[in-house]
Amino acid sequence: MALILDLRAAIREFVHDGEIVALEGFTHLIPSAAGHEVIRQRRRRSLSFSRRGNNVLSTNTRVRDENTD
């Protein structure tokens with residue numbers, strides 16, 4: 001059975017500290033709202049974001065933890 005959550009609950013449940021997060025879409029379908037929700041939930045620490053480019057996993061961007069960096 002499929003689990004349907006609103007965006008806030010999905011980010012809270014499935015994005016954890018220290019993980020690598022990939023938010024994917026094609027050109028105009030990039031899920032910006034999901035990225036904004038991760039930022040809004042300031043409890044998340046030491047996340048890395050990656051994206052695909054030309055079918056290759058590319059640049060990782062590390063989000064700094066203000067409390068430890």
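This is a predicted model: local features need pLDDT of at least 70, side-chain atom pairs count only at pLDDT 80 or more; totals for chains, interfaces and linings use all residues.
1. The side chains of E37 and R8 meet in a salt bridge, with N and O 3.9 Å apart. A salt bridge here is a side-chain nitrogen of Lys or Arg within 4 Å of a carboxyl oxygen of Asp or Glu. This pair links distant parts of the chain, since E37 belongs to helix α2 (residues 32-40) and R8 to helix α1, 29 residues apart. Helices (H or I, at least four residues) and strands (E, at least two) are DSSP runs, numbered from the N terminus. In general, side chains of opposite charge can pair when their charged atoms come close.

2. Residues are numbered from 1 along each chain as its sequence is written, and side-chain values use heavy atoms, with hydrogens and water left out.

3. Which residue is the other salt-bridge partner of E37? E37 forms a salt bridge with R40, the closest N and O atoms being 2.6 Å apart. Both residues lie in helix α2, 3 residues apart, about one turn of the helix. Salt bridges that share partners join R8, E37 and R40 into one network. The count of salt bridges comes to 2 by this rule.

4. R8 is exposed at 52%, and R40 is exposed at 54%. Buried means under 20% relative accessible area, exposed over 50%, and partly exposed in between (1.4 Å probe, protein chains only).

5. The burial of helix α2 has a direction. Its buried residues are A34, G35, E37 and V38. They lie on the same side of α2 because they cover an arc of only 160° around the axis. The arc is that of the directions from the helix axis to the C-beta atoms. On the other side of α2, I39 and R40 are exposed.

6. The chain has 2 helices and 3 strands. From the N terminus on, the elements run α-β-α-β-β. Of the 69 residues in the chain, 20% are buried. The chain exposes about 5800 Å², and carbon and sulfur atoms supply 54% of it. Accessible areas come from the Shrake-Rupley method with a 1.4 Å probe; for residues, only the protein chains shown count as cover. Among contacts between residues at least 6 apart in sequence, 53% join residues at least 24 apart. Contact means heavy atoms within 4.5 Å.

7. Which residues make up the largest nonpolar core? I11, V15, V21, V38 and L47 do, 5 residues in all. A nonpolar core is a set of buried Ala, Val, Leu, Ile, Met, Phe, Trp, Tyr and Cys residues joined through side-chain atoms within 4.5 Å. Leaving out residues up to four places away in sequence, V15 touches A10, V21, R44 and L47. In soluble globular proteins, nonpolar side chains tend to be buried together.

8. Nonpolar residues are also found on the surface: L3, L5 and F14 form a nonpolar patch there, with about 300 Å² of accessible area together. Patches are made of residues with over 30% relative accessible area and no salt bridge, with like charges joined within 9 Å and nonpolar side chains (Val, Leu, Ile, Met, Phe, Trp, Tyr) within 5 Å. L3 is placed in the segment before α1 (7-14) and is exposed, with a relative accessible area of 58%. E13, in helix α1, is in contact with L3 and L5, leaving aside its neighbours within four places in sequence. E13 is partly exposed, with a relative accessible area of 40%.

9. S46 has a phi near 55°, a positive value in a residue other than glycine. S46 counts as partly exposed, at 27% relative accessibility. S46 and I20 are 26 residues apart in sequence and 9.0 Å apart in space, C-alpha to C-alpha.
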